Amino acid sequence: MQETTEFNYRGTQLRYNSETGQCWKPGNNGEWVLTTPGTNGKYARLGIGTKRVYLHRIVAEVFLNGGKPLTAQQEVDHIQPADGSHAQDRLSNLRIVSHRQNLQNRRINHNNTSGYKGVSLHKPANKWVAQIVSCGRTKYLGLFTTPEAAALAYDNAAKQLHGEFAKLNFSTGGYL
């Protein structure tokens, strides 16, 4: 077993590896049982007493919030790792954020037809419109002849408005 940290969370003893995001809890026979990660984009949960608690919340409370419970204004954000998986509970992959900050780096909507975040077809003009939401308001970024140009405009605005929380269409800030 790799280097782990053992701690008590609400009366349950746990072992956690911050590099891999793996967590173990005691089994019925005294052996340590590895918790299974979430599947199909879902997050890992552990039975703590009579409740099921998300592993990322446990890790954030214990290691990022000084052992204190998260407040109603605090959420746990999964920083998107290079391999694209979002359900990893590595310590380096988690941060405590506000609800607004967490919304700034949402993925592309499932019903998006352009393939780019913040880009849609403006049918009357037969052009691509770029828009971004900041502080609860939609900001119009313009009409473009290609969806890629509109996506680049979105990325530039996202970097400016959302900073480190920006979820970009192009990881390098541009496209080929």
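Guide: A salt bridge is a side-chain nitrogen of Lys or Arg within 4 Å of a carboxyl oxygen of Asp or Glu. Please keep in mind that this is a predicted model.

Visitor: What makes arginine 95 and glutamate 164 a salt bridge?

Guide: The closest N and O atoms of arginine 95 and glutamate 164 are 3.2 Å apart, and because the cut-off is 4 Å, the pair qualifies. The pair links distant parts of the chain, with arginine 95 in strand E8 and glutamate 164 in the segment after H3, 69 residues apart.

Visitor: Is arginine 95 buried or exposed, and why?

Guide: Arginine 95 has a relative accessibility of 15%, and since buried means under 20%, arginine 95 counts as buried. Glutamate 164, at 62% relative accessibility, is by contrast exposed, because the word exposed applies over 50%.

Visitor: Which residues are linked in a network of salt bridges?

Guide: The network is made of Asp77, Arg95 and Glu164.

Visitor: How many salt bridges does the structure hold?

Guide: There are 4 salt bridges in the structure, and one of them joins glutamate 61 to arginine 10, with the closest N and O atoms 3.7 Å apart. Glutamate 61 lies in helix H1 (residues 55-64) and arginine 10 in the loop between strand E1 (5-9) and strand E2 (12-16), so this bridge ties together parts that are 51 residues apart in sequence.

Visitor: What is the phi of arginine 10?

Guide: Arginine 10 has a positive phi of about 50°, although the residue is not a glycine. Asparagine 126, in the loop between E9 and E10, likewise has a positive phi, near 50°, in a residue other than glycine. At 60% relative accessibility, asparagine 126 counts as exposed.

Visitor: Why is asparagine 102 called buried?

Guide: Its relative accessible area is 18%, and as the cut-off for buried is under 20%, asparagine 102 falls on the buried side. Asparagine 102 is found in helix H2, and, when neighbours within four places in sequence are left aside, asparagine 102 is in contact with Glu75, Val76, Asp77 and Val97.

Visitor: How does the span of helix H3 compare with the span expected for 16 residues?

Guide: Helix H3 (residues 147-162) reaches 21 Å from its first C-alpha to its last, which is close to the 22 Å expected at 1.5 Å a residue. Its buried residues include Pro147, Tyr154, Asp155 and His162, and the buried residues of H3 pack against helix H2 (99-104), strand E9 (119-122), strand E10 (127-134) and strand E11 (137-144). After H3 comes glycine 163, whose phi is positive, near 55°.

Visitor: How many disulfides are there, and by what rule?

Guide: The count is 0 disulfides, because a disulfide requires a pair of cysteine sulfur atoms within 2.5 Å. Cysteine 23 has a relative accessible area of 1% and is buried, whereas cysteine 135, at 52% relative accessibility, counts as exposed.

Visitor: What makes E3 and strand E4 a pair?

Guide: E3 and strand E4 (residues 32-34) are joined in the antiparallel sense by 3 bridges, and because pairing asks for at least two, they qualify. Lysine 25 stands opposite valine 33 in E4, and the turn of this hairpin, which has 5 residues between the strands, holds glycine 30 with a positive phi of about 85°.

Terms used:
Residues are numbered from 1 along each chain as its sequence is written. This is a predicted model: local features need pLDDT of at least 70, side-chain atom pairs count only at pLDDT 80 or more; totals for chains, interfaces and linings use all residues. Side-chain values use heavy atoms; hydrogens and water are left out. Helices (H or I, at least four residues) and strands (E, at least two) are DSSP runs, numbered from the N terminus. Buried means under 20% relative accessible area, exposed over 50%, partly exposed in between (1.4 Å probe, protein chains only). Contact means heavy atoms within 4.5 Å.
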